[in-house]
Amino acid sequence: MPQIKSQKKRVKTNNKAHKLIVSQKSALKTSIKKVLAAVDAKDKEAALKAYAECESKLDKAVAKGFKHKNYSSRQKARLARAINSIEG
């Protein structure tokens, strides 16, 4: 445990930031899973709607710096390919 006041504050702020990033990463993974679930159900309309939300979250993750831009591009391409594989 830190003894210095400024270090105590750093521990508190680091924990707060960590919780925020963890929740954002979790929300991102959930949105990716929603797209894939809609693709598995062969519901193209729902998949496109979920993809729009997911694309936004991926872009925000890159802008905030907790995901790399190549990760975002790869996920968007993978999800788009999955959606395009739905016939109808």
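Visitor: Leaving aside neighbours within four places in sequence, which residues is Val39 in contact with?
Guide: This is a predicted model, to begin with. In it, Val39 is in contact with Ala47, Ala82, Ile83 and Ile86, once neighbours within four places are left aside.

Visitor: And in the largest nonpolar core, which residues touch the most other members?
Guide: Val35 and Val39 do. That core has 17 residues.

Visitor: Which helix gives the most to this core?
Guide: H2, with six residues. H1, H2 and H3 each supply at least two.

Visitor: Let's stay on H2. What should the helix span, and how far apart are its end C-alpha atoms?
Guide: H2 covers residues 44-64, which is 21 residues.

Visitor: Which residues of H2 are buried?
Guide: Ala47, Ala50, Tyr51, Cys54, Leu58 and Ala61. They cover an arc of only 115° around the axis, so they sit on the same side of H2.

Visitor: What covers them?
Guide: The cover includes helix H1 (5-40) and helix H3 (69-84).

Visitor: And what does the face turned away from the buried side carry?
Guide: Exposed residues: Glu45, Lys49, Lys60, Ala63 and Lys64.

Visitor: How far is Ser56 from Asp43, C-alpha to C-alpha?
Guide: 20 Å, with the two residues 13 apart along the chain.

Visitor: What follows H2?
Guide: Gly65. Its phi is positive, near 90°.

Visitor: OK, then what sits over the ring of Tyr71?
Guide: The charged end of Lys67. The distance to the ring centre is 4.5 Å.

Visitor: Last topic, the start of the chain. Where does Met1 lie, and is Met1 buried or exposed?
Guide: Met1 lies in the segment before H1. With 88% relative accessibility, Met1 counts as exposed.

Visitor: How far apart in space are Met1 and His18?
Guide: 18 Å, C-alpha to C-alpha. In sequence, Met1 and His18 are 17 residues apart.

Note on methods: Residues are numbered from 1 along each chain as its sequence is written. This is a predicted model: local features need pLDDT of at least 70, side-chain atom pairs count only at pLDDT 80 or more; totals for chains, interfaces and linings use all residues. Side-chain values use heavy atoms; hydrogens and water are left out. Helices (H or I, at least four residues) and strands (E, at least two) are DSSP runs, numbered from the N terminus. The expected span of a helix is 1.5 Å times one less than its number of residues. Buried means under 20% relative accessible area, exposed over 50%, partly exposed in between (1.4 Å probe, protein chains only). The arc is that of the directions from the helix axis to the C-beta atoms. Contact means heavy atoms within 4.5 Å. A charge sits over a ring if NZ of Lys or CZ of Arg is within 6 Å of the ring centre and within 35 degrees of the ring normal. A nonpolar core is a set of buried Ala, Val, Leu, Ile, Met, Phe, Trp, Tyr and Cys residues joined through side-chain atoms within 4.5 Å.
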